[in-house]
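Please look through the model below before you read my notes.

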Amino acid sequence: MHLIFAYLQKLRIKPCFYPFHQTKIQFKANDTMGTPSLLAVLILIVLVSLQRDAAAATTRVHHHHPFGREKITTLRFYLHDTLSGKDPTAVLVAHGANATSRPGDPTPFGSVYATDDVLTEGPERASRVVGSAQGLYVSSGKDGRLSLVMGMDFEFSDYNGSSFVVFSRNPVTNDHRELAVVGGRGKFRMARGFAVLRTHYLDTGNGDAIIEYNVTLLHY
């Protein structure tokens with residue numbers, strides 16, 4: 001408001017206030033100042049309108065989500081992906097033309113696997129089981145590069161069967177890589193976040209692997 005009065009003084013317009021019980025404000029000016037006086041009134045109206053809109057926008061930002069406050073959960077576990085043996089947890093369901101497994105390339109380009117991998121508290125298979133990861137992954141790396149695109153649901157018994165979903169590229173041969181969390185259910189409803197992966201064990205001959213997951217979830 002003081003900026004408006006400074007502008008009025010520059011235009012030689014003197015605001016004249018009536019007693020407090022009246023709401024009328026009159027602007028006095030020389031006869032030649034009628035146009036600037038109208039301009040000042042228009043500026044005042046615009047500023048008041050902008051202030052009101054800004055206050056409304058601030059209120060909208062602070063509205064609570066209908067599901068409550070957003071929470072952060074961190075998880076650490078190990079995934080056991082087993083392609084070999086009599087009881088594999090990942091099974092080939094489709095493959096590209098001329099796709100043949102060979103040492104150093106156990107999942108050739110175009111191979112699609114269905115998974116029901118075990119999740120444990122520690123890296124040993126005998127460690128306490130905390131959940132399972134079901135879904136699909138496709139081998140997407142050409143020229144012998146071991147890379148996957150994963151769409152998997154990670155379910156946890158410690159959270160009453162709640163789960164989060166990953167859909168992301170997984171460059172397996174990188175020491176550390178990051179996957180995108182795109183959703184969740186149960187206690188992880190509307191989850192988003194990321195999973196940082198580290199290879200604990202990888203047999204490039206048969207594809208068996210144990211992967212450490214460190215997950216950060218934002219959810220309701």
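1. Two strands pair if DSSP finds at least two bridges between them. Strands (E, at least two residues) are DSSP runs, numbered from the N terminus. Four bridges join E8 to E9, and these strands run antiparallel. Val-165 stands opposite Gly-183 in E9. E8 and E9 form a hairpin, with four residues between them.

2. A note on the source. This is a predicted model: local features need pLDDT of at least 70, side-chain atom pairs count only at pLDDT 80 or more, and totals for chains, interfaces and linings use all residues. Residues are numbered from 1 along each chain as its sequence is written, and side-chain values use heavy atoms, with hydrogens and water left out.

3. Now E7 and E8. Ten bridges join these antiparallel strands. Leu-148 has Asn-170 in E8 as its bridge partner. The hairpin of E7 and E8 has five residues between the strands, and Asn-160 there takes a positive phi near 55 degrees.

4. Next, the core. A nonpolar core is a set of buried Ala, Val, Leu, Ile, Met, Phe, Trp, Tyr and Cys residues joined through side-chain atoms within 4.5 Å. Buried means under 20% relative accessible area, exposed over 50%, partly exposed in between (1.4 Å probe, protein chains only). The largest such core has 30 residues; among those with the most contacts inside it are Phe-77, Phe-156 and Tyr-213. Strands that each supply at least two of its residues include E3 (71-81), E7 (147-156) and E11 (209-219).

5. What does Phe-156 touch? Contact means heavy atoms within 4.5 Å. Not counting residues up to four places away in sequence, the partners of Phe-156 include Leu-75, Phe-77, Leu-119 and Phe-164.

6. Is Thr-107 buried or exposed? Thr-107 counts as buried, because its relative accessibility is 6%. Thr-107 lies in the loop between strand E4 (90-94) and E5. Leaving out residues up to four places away in sequence, Thr-107 touches Leu-83, Tyr-113, Ser-139, Leu-146 and Leu-148.

7. Last, the cavity. On a 1 Å grid over the protein atoms alone, a cavity is a set of points where a 1.4 Å probe fits but cannot get out; lining residues have an atom within 4 Å of a point. A volume is the space filled by probe spheres set on the points. The largest cavity has a volume of about 210 Å³. It is lined by 19 residues, and those closest to its centre are Asp-81, Tyr-137, Leu-148, Val-172 and Ala-209. E3, E7 and E11 each give two or more residues to this lining.

Note on methods
On a 1 Å grid over the protein atoms alone, a cavity is a set of points where a 1.4 Å probe fits but cannot get out, and a pocket is an open set with protein on both sides within 12 Å along at least five of seven lines; lining residues have an atom within 4 Å of a point.
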